[in-house]
Amino acid sequence: MIHISNILLALILLSVLLSLRSNRLMALVELMAFQGVMVSAVPLVLETAHGVTFNLILFFLLLVLVKGVLIPWLMYRAVKLVVVDREVEPIIGYNASLFAGLIMIVFSVYVTNNLHLNMLPMDHKLLLATAITTMGAGLILLMTRRKAITQVIGYLIMENGIYLIGTALAKQVHTQYVVEFAVLLDLIVAVLVMGIVLNDINHTFDDVDTTLMGQLKD
Amino acid sequence: MNISFSFASLAMLFAAFALAPLLMGVILKVKAFFAGKQGPPWLIKYHTLVKLLQKGSVYSTSTTFIFKLGPVVSFTTAVMLLLFFPFAGMAPVLSFHGDVIMLFYLLGLGRFFTVLAALDTASPFEGMGAAREVFFSSLAEAAIFVILALFFRLSGSLSFAEYFTGTHAVNLWSESAALILLVVIALFIVLLTENSRVPVDDPATHLELTMIHEVMILDHSGPDLALIEMGAFCKMLFYASFVSCLLFPFQTGTPFFNIIIFAMVMTLVYAGVGLVESITARYKMDTVPNYILTSFALVCFATILTMEFVL
Amino acid sequence: MLQSVFLLPFLAGTAVFFLPVKSGRLLLLATALFHVLITALEWFQATGPLQTQYFANTPEGMLVLGIMSFLFLLISIYTVFYMAEVEMSKEPVFNASMLLFLGAMSMVAVADHIIMLWVAVEATTLMSAPLIFVHRSKESLEATWKYVLICSVGIALALLGSFFIIFSMEMSTVHVPISFSSFNDVADQLNTVWLKAGFIFIVIGYGTKMGLAPMHTWLPDAHSEAPSPASALLSGALLNCAFLGVYRCHQLMVGAGLGDYSGNVLIAFGLVSMLVSAVFILNQTDYKRMLAYSSIENMGIIAVGIGIGGIAAFAAMLHMIHHSLIKSSLFLTTGNILLGYGTKSIDRTRGMLRLFPETAITFFAGFAGISGFPPFGLFISELLIVMGAIKTGRYVVISIFIFCLILIFAGASRLVMQMVFSSRDSDERLVPEQWSRALPPIILLLTSLTLVLWMPDSLFLTIQHAISSIGGTVNG
């Protein structure tokens, strides 16, 4: 029997891995969009076991719209408008990042197994491991890429991971759509604010390389 | 060791052997379609083989018997691979416990002699190609052996045929489908690497400096080249069948349906190669290891997750 | 209605975006005034209880809200006069962001739902980002980028912690709404392992926002680069909001019988913050950065006080109130200094007493207050924390605590003395002093002094209520 949720998770892992070795900004944005759609579908697939409700589908559509379309589109515009040189510029190499991703998954599997979550179904355990890996990969991207825009993408991937962890653990939150909507709204505003700052950074520094910003220190 | 000389097994083996050049034609057709051209005839590869076999071989005076040995060994090892393969769910001609290790060492042996033959010519280009070939295949081999370990974990067997038959058959429709999906993608990358396809290597390139596999066989001619070509077709067939077996379990019960579906899936895989060749550009030489290592990382992901979550 | 406390600033903020500058300023003042009124109504619970899942009127929330509202009124008055002196092309954006920021912070103060609290804290980061980079200089952009990114990532970890805490409920057999008040009722039945993990992530997450070391790196940059009214608001109100998030979880931990664990975590983070700020304050060359590090120190003190508990918890709450008042007064004064000298360098702001006597006196008085001199409230609160620590036998903790206090006082006083008393060659004054800008910081200082001499019963009771759940008392 095939589990659709597992396939989703495998695709999320794939996008995580590819994002670690991706050397082009556009490809990174596309991967993020793909990941956004997959991540939004996870609660839908998990919850369908308990029956599909109108709200569930509506919220799924909203999530896809925000995580899969709106935010990637904003990032896409930012890359188009702001970045002239569309290489990713890693601080540590792509192969090292991939290796870090591997270590991350070993770590997440280890953590998931040592939590003794016997009450959770198997799906959720795999989901938890995937989520921790996604979060870790987001952190890796955030820390090891030089361009400010890749840091935003790293943050968003990390946020996806945390959202997945929430999906695996805190079921009640996902039935309170007001709260979910508020979290989503925060995310959109965060991307908007970061985009505005990014634009200004580009105007002022003529680049979005964060290593240029080192004037404030003690 | 199980030896099956049944009519079905032998027939499948010969059919596969005979159809390998035709399937290569599929790739060319797909590429031509995407380029908006009519493309070469379906049977182009047969014509090439016949043409090559009719010619005589030319040998440089600086070469030794190793140069002549190269094509023969690479051809025979490639044919031997097919002996172990359970085409369309049929029992393979040969199989024994642990034959997977043997299979990939056979592949290695064939490559080793191709490389030796290339080095034997003392041509600087061939040495360069050999170095690249060995580097990239050794990276791909890492991925392959992780895949084998993963399959052993899933099916509990070390025999190639038993991977795809029996109760714990490994394929996309089994319990651990999601992880097999990662493996399929990784294996496809390995397929592209091992068979010198775009984006790792471009078989259609005309510049020695950019070649990997082609440059190693520049000095072979006539029947020798035909053997090498045929060996390459067999190798491609082997990998493509490997991917097909993961995509679909050929256990419908009726051999006839098995064969039909198998042929269709195989055509799809070859068409997929053609598709990838049409829509991707070839990678710069220094990003190729990155690409191959991705397949390694993918199967590692799958393996780690399987170790913990399956069964 | 409880929600009006954040809905009003949100609406007004949105309106200010589109209004012309003059009417925008008026609306800013009017909203500040109305906010104080609503807060007062809520403080005395005059609007009657309102049952919602997401928001609640809690004593600790009211404390934070009360301080914030009072500060905002004075800061907005100051802002109006400050803006008259500086040419700012995007003043509507600044004023609107101030109001939206106030709204987000008020939402933190009244949030009861665990995720809603997170949403509100994240909103404070986003709403305050425009305040920091209004100048669009290289430095302010760098500060904003660091602020937004470090805080967003930190707060994302707090979301993880919130999920863990929610999961600790799902692991046990109880099922209640996800709010702090209902969790507190069933605290003893929650899964302790997940609570502990959740608390660590919450402390790291909200601690980043609160300025606890080693996650404090954004704080000196943001506080020094923001315009002074924004710095005052960040230091006086925002840090308290982040603290509120940590405090809510600490309450939960105490309820679950893990008070020792969470207390020790808070003490450790608090001491590290004090040490870090002590080290960095010694050789500061920028007076706004010096004040920023002092904020890190004071947040550390509050964390230590809460961690120790008992009478120290009372002291910590007292410390929070007085620190907010005095620190925002200091930041407003630095706004005047910056206007007068046009530089943030300590070396080039000598001779303040002769050039700007009123500013100098306010600044020095504020400095005396922030270092804990006797007539000011911080003296009492620090003394009570020391007493509380000695009562519970935490001698090592309190030795480090006192050592840091002395170090910071020594380091900062050298710098402040230099600014206020040493002589200066030129008598150039870019902008003369003005009572309108000098008055708000003085009022803040006087309020702090008044609270020391006479504390209203209602405030006293609210503090007692707020700390009673973590076992804090006034009598030790």
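Between which chains are the most contacts found, among the 2 pairs of chains that touch?

Modeller: Happy to walk you through this one. This is a predicted model, in which local features need pLDDT of at least 70 and side-chain atom pairs count only at pLDDT 80 or more, while totals for chains, interfaces and linings use all residues. To find your way around, note that residues are numbered from 1 along each chain as its sequence is written, and that chains are lettered from A and ligands numbered from 1 in the order in which they are written.

The most contacts are between chains A and C, where two residues are in contact if their C-beta atoms, placed from the backbone, lie within 7 Å. Here 32 residues of chain A are in contact with 32 residues of chain C. On the chain A side, the elements giving two or more residues are helix H6 (148-169) and helix H7 (177-205). Helices (H or I, at least four residues) and strands (E, at least two) are DSSP runs, numbered from the N terminus. H7(A) gives the most to this side, with 13 residues. By residue type, the side of chain A that touches chain C divides into 22 nonpolar, 5 polar and 5 charged. In this count Ala, Val, Leu, Ile, Met, Phe, Trp, Tyr, Cys and Pro are nonpolar, Asp, Glu, Lys and Arg are charged, and the others, Gly among them, are polar.

Let us turn to chain A itself. The C-alpha trace of chain A spans about 55 × 35 × 35 Å along its principal axes. Of the 218 residues, 52% count as buried. A residue is buried if 20 or more other C-beta atoms lie within 10 Å of its own, exposed if 12 or fewer, and partly exposed in between, again with C-beta atoms placed from the backbone. Among the contacts in chain A with a separation of 6 or more, 76% come from residues 24 or more positions apart.

Chain A also touches chain B: 18 residues of chain B are in contact with 23 residues of chain A. Two or more residues on the chain B side come from each of helix H7 (177-194) and helix H10 (288-309) of chain B. H10(B) gives the most, with 11 residues. This side of chain B divides into 15 nonpolar, 2 polar and 1 charged. Chains B and C, by comparison, are joined by no contact, and their closest C-alpha atoms lie 21 Å apart.

How is chain B put together? Chain B has 10 helices and 2 strands, arranged along the sequence as β-α-α-α-β-α-α-α-α-α-α-α. Its radius of gyration is 19 Å, which agrees with the value near 19 Å for a compact globule of 311 residues. Its C-alpha atoms fill a box of roughly 60 × 45 × 45 Å, taken along the principal axes. Buried residues make up 49% of chain B.

Now for the nonpolar core, a set of buried Ala, Val, Leu, Ile, Met, Phe, Trp, Tyr and Cys residues joined through C-beta atoms within 7 Å. The largest has 359 residues, and Leu182(B) and Val299(B) have the most contacts inside it. Helix H6 (residues 138-171) of chain C gives the most to this core, with 21 residues. Leaving aside neighbours within four places in sequence, Leu182(B) is in contact with residues of chain A, namely Ala10(A), Leu13(A) and Leu14(A), and with Leu298(B), Val299(B), Phe301(B) and Ala302(B).

Lastly, here are two single residues to look up. Glu208(B) sits in the loop between H7 and helix H8 (222-247) of chain B. It counts as partly exposed because it has 15 C-beta neighbours inside 10 Å. Not counting residues up to four places away in sequence, Glu208(B) touches Phe125(B) and Val215(B). In chain C, Val36(C) lies in helix H2 (residues 21-43). Val36(C) is partly exposed, with 15 other C-beta atoms within 10 Å. Beyond its neighbours within four places in sequence, Val36(C) is in contact with Ser69(C), Phe70(C) and Leu73(C).

Methods
The radius of gyration is taken over C-alpha atoms; the globule rule is 2.2 Å times the number of residues to the power 0.38.
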